[in-house]
Amino acid sequence: MTTTLHDRPRTDTVRGAGRASRRHGVGPQARQQRRMFLPFTAPAILAYAVLFLAPVGYAIWTSLYKWDGMGEMEWRGLKNYQLLFEDPFFRTSLVNTLKLMVIGGTLTFAISFLLTLVLREMRARLFARSVLFFPCLVNGMVFGIAAGFLFSPDGPVNKTLHFLGVTTPPKWLSTDNLLPMILGTLIWTATGYYTAIIMAAVDQIPPHLYEAAELDGANAFQRFRHVTLPCAWDVISVCAVLWTVSSVKIFELILLFGGTSSSYPPAESWNTALYVYTQAFPQATVPRLGMATAAALVSLVMVTVVTVVMRRLMRREPLEY
């Protein structure tokens, strides 16, 4: 009696492997991409860990101590954070930071949208865009020095107001008006920057979408609302994140508008960045690096939470055109 053994065809094995790969959702190309992921991302991950994660970890450790940067470190635990929120100067700086972020961002993007609506209909929009972009190329120190010259009690602005009949011009650089002046300068310098970015996205929108909207009877505002805004939404959301991060780091404008070579600006105009600076480099006392790093970490957590919430709220389905 003979027994015949039949070998399984090789094609069945290949088909079985293919079905297993499809079942697990991993194909040859996906496996190749996974193998190449680590070699390509390792340098960036290493740089990120050395330049960001390590300093943040050291800052967290420092924020738990009382330290002047030279002597021995004294353990405090979370007391630095308790003292931080009990400090009225820090609470004021936190509120001012949120004002610059929210009010400044709202006005900046409102003006940028209005300029986008106007520039798209202009023939000389490239020249106008260059003029609007110019202020963001100028260093903030220039604006601080120019403000001290233009808005001083005997400066050109008050002299012009006297000539027009205003006998009691406002005290532009007083403590009460300092934060609005800083906010106005910040909006002026940032509007052109974000307008240029949004206009670069608008230039990529196909013209036939605007032509179709115009044939349907849409006016300029309706074309902006139903064509420009949805098609450029991804770029606008990135600009919102950029503004959130940059608004927390404002420093030189506040220092130059309200400070002098021998004194800091009034505490009513501080933001968290200037508060950290005053704690780390005080004028009459020893440095308090524990408080400075604690304030910096609170600022970092705040901007992270705002950024994550903003990205969640502004998430939209991508449009293909």
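**A chat about helix packing**

Biologist: Hi! Let's start with helix α5 and helix α8: at what angle do they cross?
Modeller: The axes of helix α5, residues 125-133, and helix α8, residues 175-202, cross at roughly 145°. Those axes come within 7 Å. Keep in mind that this is a predicted model.

Biologist: Is the crossing of α5 and α8 left-handed or right-handed?
Modeller: Left-handed, as α5 passes α8. On the α5 side, the contact is made by Arg125, Arg129, Leu132 and Phe133. From α8 come Gly192, Tyr193, Ala196, Met199 and Ala200.

Biologist: And how many residues in the contact of α5 with α8 are charged?
Modeller: Two are charged, next to six nonpolar and one polar.

Biologist: Let me step back for a second. How many helices and strands does the protein chain have?
Modeller: There are 14 helices and two strands in the protein chain. The chain has 321 residues, and 34% of them are buried.

Biologist: What about the accessible surface of the protein chain?
Modeller: That surface comes to about 20600 Å². Carbon and sulfur atoms account for 65% of the area.

Biologist: And what share of the contacts joins residues 24 or more positions apart?
Modeller: Looking at contacts with a separation of 6 or more, 66% are between residues 24 or more positions apart.

Biologist: Back to helices. How do α8 and helix α11 pack?
Modeller: α8 and helix α11, which covers residues 233-248, pack at an angle of about 155°, and their axes are 10 Å apart. The two helices are therefore roughly antiparallel to each other. Their crossing is right-handed.

Biologist: Nice. Which residues of α8 and α11 make the contact?
Modeller: α8 brings Leu186, Ala190, Tyr193, Tyr194, Ile197, Ile198 and Ala201. α11 brings Val235, Ile236, Cys239, Leu242, Trp243 and Ser246. By type, twelve residues in this contact are nonpolar, one is polar and none is charged. Tyr193 of α8 also takes part in the contact with α5.

Biologist: Moving on to α4 and α14: how far apart are their axes?
Modeller: They are 12 Å apart, with helix α4 spanning residues 88-119 and helix α14 spanning residues 289-313. The packing angle is about 30°, so α4 and α14 are roughly parallel to each other. This crossing is right-handed.

Biologist: Let's zoom in on Met101. Buried or exposed?
Modeller: Met101 counts as buried because its relative accessibility is 7%, and the cut-off for buried is under 20%. This residue lies in helix α4.

Biologist: What is Met101 in contact with, leaving aside its neighbours within four places in sequence?
Modeller: Met101 is in contact with Trp243, Thr244, Ser247, Val248, Met302 and Val306.

Biologist: Where is Lys99 placed?
Modeller: Lys99 is in helix α4 too. At 39% relative accessibility, Lys99 is partly exposed. Not counting residues up to four places away in sequence, Lys99 touches Gly104 and Leu179. From C-alpha to C-alpha, Lys99 and Ser247 are 9.6 Å apart in space, while in sequence they are 148 residues apart.

Biologist: New topic: where does Trp67 lie?
Modeller: Trp67 sits in the loop between β1 (65-66) and β2 (74-75). With 17% relative accessibility, Trp67 counts as buried. Beyond neighbours within four places in sequence, Trp67 has contacts that include Tyr58, Thr62, Pro287, Arg288 and Leu289.

Biologist: And how far is Trp67 from Met291 in space?
Modeller: The distance is 8.8 Å from C-alpha to C-alpha, and the two residues are 224 residues apart in sequence.

Biologist: Last one: what's the place of Arg316?
Modeller: Arg316 is in the segment after α14. Its relative accessible area is 46%, so Arg316 is partly exposed. Arg316 and Asp234 are 82 residues apart in sequence and 8.0 Å apart in space, C-alpha to C-alpha.

Notes:
Residues numbered from 1 in each chain as written. Predicted model: local features only at pLDDT ≥ 70, side-chain atom pairs only at ≥ 80, totals over all residues. Heavy atoms only, no water. Helix = DSSP H or I, 4+ residues; strand = E, 2+ residues; numbered from the N terminus. Buried < 20%, exposed > 50% of the residue type's maximum accessible area, 1.4 Å probe, protein only. Contact = heavy atoms within 4.5 Å. Areas by Shrake-Rupley, 256 points an atom, 1.4 Å probe, with all protein chains shown as cover. Axes fitted to C-alpha atoms, helices over the stretch in contact; angles between N-to-C directions. Parallel < 35°, antiparallel > 145°, perpendicular 65-115°, else oblique. Left-handed = near helix turned anticlockwise from the far one by under 90°. Nonpolar A, V, L, I, M, F, W, Y, C, P; charged D, E, K, R; others polar.
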